[in-house]
Amino acid sequence: MDQFVVSLLNGCIYGLLLFMVSAGLTLIFGMMGVLNFAHASFYMLGAYFAFTLQPYTGFMGALLLAPVLVGVLGVVVERFFLRRVHQHGHAHELLLTFGLSFIIGELVKLFYGNYPVEYRVPASLDFAAFRIGELNYPFYRMLMGGVAIAMFVMIFLLLTRTRVGIVVRSAIYRPRMAEALGHNVPLVFMGVFGAGAALAGLAGAVAGAFYTTNPNMALELGVMVFVVVVVGGLGSLEGAMLSSLLIGLVTSFAVGIDRSLVDLLALVGLGGWAQGVGGLFTLKLSSLAATLPFALMLLVLLLRPSGLMGDKT
Amino acid sequence: MTRGLGGAAARGIALPGLVAALAGLALLLALPVLLSASLLNAAIQMLIAALFACAFNLLCGQGGMLSFGHSAYFGVGVFATVHAMNALAGQGLLPTPLLPVVGALAGMVFGAIAGWFATQRTGTYFAMITLALAELVHALAPHIKGVFGGESGVSAMRMPAWGFSFGEGRHLYYMTLFWVLLALLLLYGYTRTPLGRLTLGLRENSHRLRFLGYNTHLLAVLVFTVSSMFSGLAGGLQAVNNELGNYVVFDANLSSSVVLNSYIGGVNMFLGPALGAALMTFFGLAVSDLTRSWLLYQGILFVVVMLFMPTGLAGLAQTWALARRRCGAQRLLPLVGAWLVALALLSLGTVFAIELLQQLFSTDYRAGVQAGAPWPAVRQFGRSWAPGAVTTWLVPLVLLATGTPLARWAGQRWAAALDADQGQDAPR
């Protein structure tokens with residue numbers, strides 16, 4: 001039971017983290033039609049910037065400054081790279097961001113080396129928040145979840161309750177009309193791109209300290225975020241939220257289940273046969289945890305190709 | 001998108017093209033005599049990379065479906081071939097020269113299944129799904145030791161066949177060359193079949209194809225299957241050459257490098273991706289001893305190509321031919337010269353800066369730095385540079401600062417020359 005609660009909490013918090021990154025991706029896609037391949041690279045840069053700033057500004061200062069830097073970088077990418085190739089179409093923009101993500105990954109390897117860096121949760125934040133049965137639950141995990149929820153509430157309020165939010169939503173919905181009404185749509189695009197990058201940077205700065213900070217983190221998370229948006233339906237914030245949580249929970253619970261297909265087949269008396277076949281059948285579900293989101297994605301594609309909340313095909 | 005491919009197909013192959021193709025073929029056939037063993041090995045890898053890029057381009061350039069996970073089909077080809085080599089107690093399922101067929105078949109079957117899923121969606125979704133499928137295989141492979149051999153991989157032995165030992169590079173080279181040329185011919189022939197024309201239609205306007213009564217999903221699956229079949233063939237060739245299959249082949253690196261190489265070469269021309277892949281593979285092997293940042297250069301080159309010449313290297317020739325017809329070579333040659341100088345300055349500056357940074361941030365160098373003392377000098381381009389000296393940093397800065405305006409000037413003059421020409425044409 002304790003294990004169950006811990007898995008539930010871990011899954012929710014991982015899901016919230018996924019949401020922090022996929023929210024920006026989905027917003028940018030909904031607005032500009034660009035799938036930003038470099039989005040997960042911004043997440044990685046957030047972690048590395050925070051790691052670099054930490055000795056000078058302290059942990060909290062790094063958490064605040066790193067997203068700002070990443071946001072500025074996002075603005076630069078939009079203004080000087082994406083806008084240049086806009087005329088060549090979306091595929092070209094996708095490829096450009098792909099190339100940028102490649103360069104960012106290689107630059108990180110050049111400056112920090114191709115191994116994890118010592119980016120840790122500071123001792124002042126490294127304590128147990130509460131106990132579940134025998135297990136101490138780290139406070140930092142709760143902090144990550146809290147940051148993600150605060151972020152979701154802020155985006156939501158910003159988009160639905162403010163004047164800026166109205167302009168942004170109209171620019172997503174009818175960019176030409178918004179432009180004709182005198183709003184500076186390219187500036188809005190740039191702002192949203194920068195804000196999305198900053199959000200990813202914040203997620204990276206927060207999560208990098210808890211998980212490992214290495215040059216592969218962009219790809220690992222990036223693929224997961226893509227799965228999230230395919231499952232949730234691209235362009236839908238609610239869908240992104242739902243599928244982030246779903247995938248977070250699925251991975252977190254799978255890690256705890258030490259069973260394989262053999263055990264399942266044993267229920268119908270085929271255990272011996274499956275054991276003999278080996279291969280996929282004898283693999284423990286816990287070791288397959290990383291592949292389950294992909295399986296979920298294939299299932300969604302099979303049953304509901306537009307994603308859980310998506311309506312565009 | 002240009003329609004260079006379609007135009008060439010409609011006009012038939014021109015005589016100069018035929019001569020060039022024959023000369024290229026003769027050169028390829030003569031290579032084992034001209035090259036040393038290690039270079040011949042590089043040539044084999046270039047051929048395989050070229051075939052893989054062409055197979056990828058069938059899907060991406062012609063079908064308009066951007067796949068970010070093509071290493072999966074290559075890798076399936078590798079492992080199927082390695083297992084075929086080990087079949088029948090090491091005797092091999094087929095004689096050695098025919099083994100790559102197994103890779104092609106495996107790639108085809110796997111591609112048909114994966115393609116059925118991936119082509120459920122188009123455009124951006126398609127790209128993400130292919131990436132996720134490749135990652136699925138990549139995450140699964142290390143766990144299935146029986147098939148993928150875990151960390152050490154699966155090794156195999158080439159058996160002599162048909163009077164050839166396949167122990168020396170020459171035999172392998174000719175076998176690879178035969179398969180690659182055959183595959184390229186088949187792929188070229190494919191573009192001229194009705195299915196090949198429909199593939200272009202899929203890229204240009206799939207809605208319209210559907211209105212015309214074609215089953216676009218089935219069509220996309222077919223294109224995907226053909227593409228992964230040839231990717232599997234490339235994988236099979238690599239397996240026969242390396243006598244090894246390791247799950248590292250499913251890594252995202254291979255998928256991304258085929259995307260980068262194809263676009264650097266130019267996806268609008270049939271042989272563009274092959275050119276790009278062969279060139280980049282060659283440079284990758286040539287500079288692997290000199291620098292550790294090759295992938296970074298590859299990425300930068302890709303972004304530069306994407307930003308400034310979207311048609312790729314193969315498109316440069318077209319651009320030049322078009323501009324020469326309009327303005328004449330005399331007016332353009334100085335601009336090309338200036339552009340080349342600017343290019344040299346910019347690349348020198350970039351390389352200098354990256355190599356310097358790479359050395360300064362390497363672990364070896366970091367270990368040698370003592371607190372308080374000035375940082376030790378690094379050796380580069382045949383002399384030593386002190387990291388604290390202004391001159392060291394001035395070199396790349398000056399190179400970049402002179403190269404950028406020069407390149408911009410040449411570009412502006414080029415555009416102006418073309419515009420002026422158009423102005424003269426207009427009154428007619």
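The model is predicted; local features need pLDDT of at least 70, side-chain atom pairs count only at pLDDT 80 or more, and totals for chains, interfaces and linings use all residues. Residues are numbered from 1 along each chain as its sequence is written, while chains are lettered from A and ligands numbered from 1 in the order in which they are written.

Chain A holds 12 helices and 2 strands. Helices (H or I, at least four residues) and strands (E, at least two) are DSSP runs, numbered from the N terminus. Their order from the N terminus is α-α-α-β-β-α-α-α-α-α-α-α-α-α. Of the 313 residues in chain A, 46% are buried. A buried residue has 20 or more other C-beta atoms within 10 Å of its own, with C-beta atoms placed from the backbone.

Confidence is given as pLDDT, the predictor's score for each residue from 0 to 100. Chain A has a mean pLDDT of 82, and 89% of its residues reach 70 or more. Where pLDDT is low, the predicted coordinates should not be read in detail.

The contact between the chains takes 38 residues from chain A and 37 residues from chain B. Two residues are in contact if their C-beta atoms, placed from the backbone, lie within 7 Å. On the chain A side, helices H2 (39–85), H3 (90–112), H8 (217–232) and H12 (292–303) each give two or more residues. H3(A) gives the most, with 14 residues. By class, this side has 28 nonpolar, 8 polar and 2 charged residues. Ala, Val, Leu, Ile, Met, Phe, Trp, Tyr, Cys and Pro count as nonpolar, Asp, Glu, Lys and Arg as charged, and the others, Gly among them, as polar.

Chain B is assigned domain 1 (4–312) and domain 2 (328–425), with bounds from an automatic or database domain assignment. Their centres, taken over C-alpha atoms, are separated by 34 Å. The contact between them takes 5 residues from domain 1 and 4 residues from domain 2.

Helix H15 (residues 312–327) of chain B has 16 residues and reaches 22 Å from its first C-alpha to its last. Its buried residues are Gly312(B), Ala314(B) and Gly315(B). Their cover includes helices H12 (252–265), H13 (272–286) and H14 (294–308) of chain B. After H15(B) comes Gly328(B), with a positive phi near 85°.

Note on methods: Expected span 1.5 Å × (residues − 1). Buried ≥ 20, exposed ≤ 12 C-beta atoms within 10 Å, placed from the backbone.
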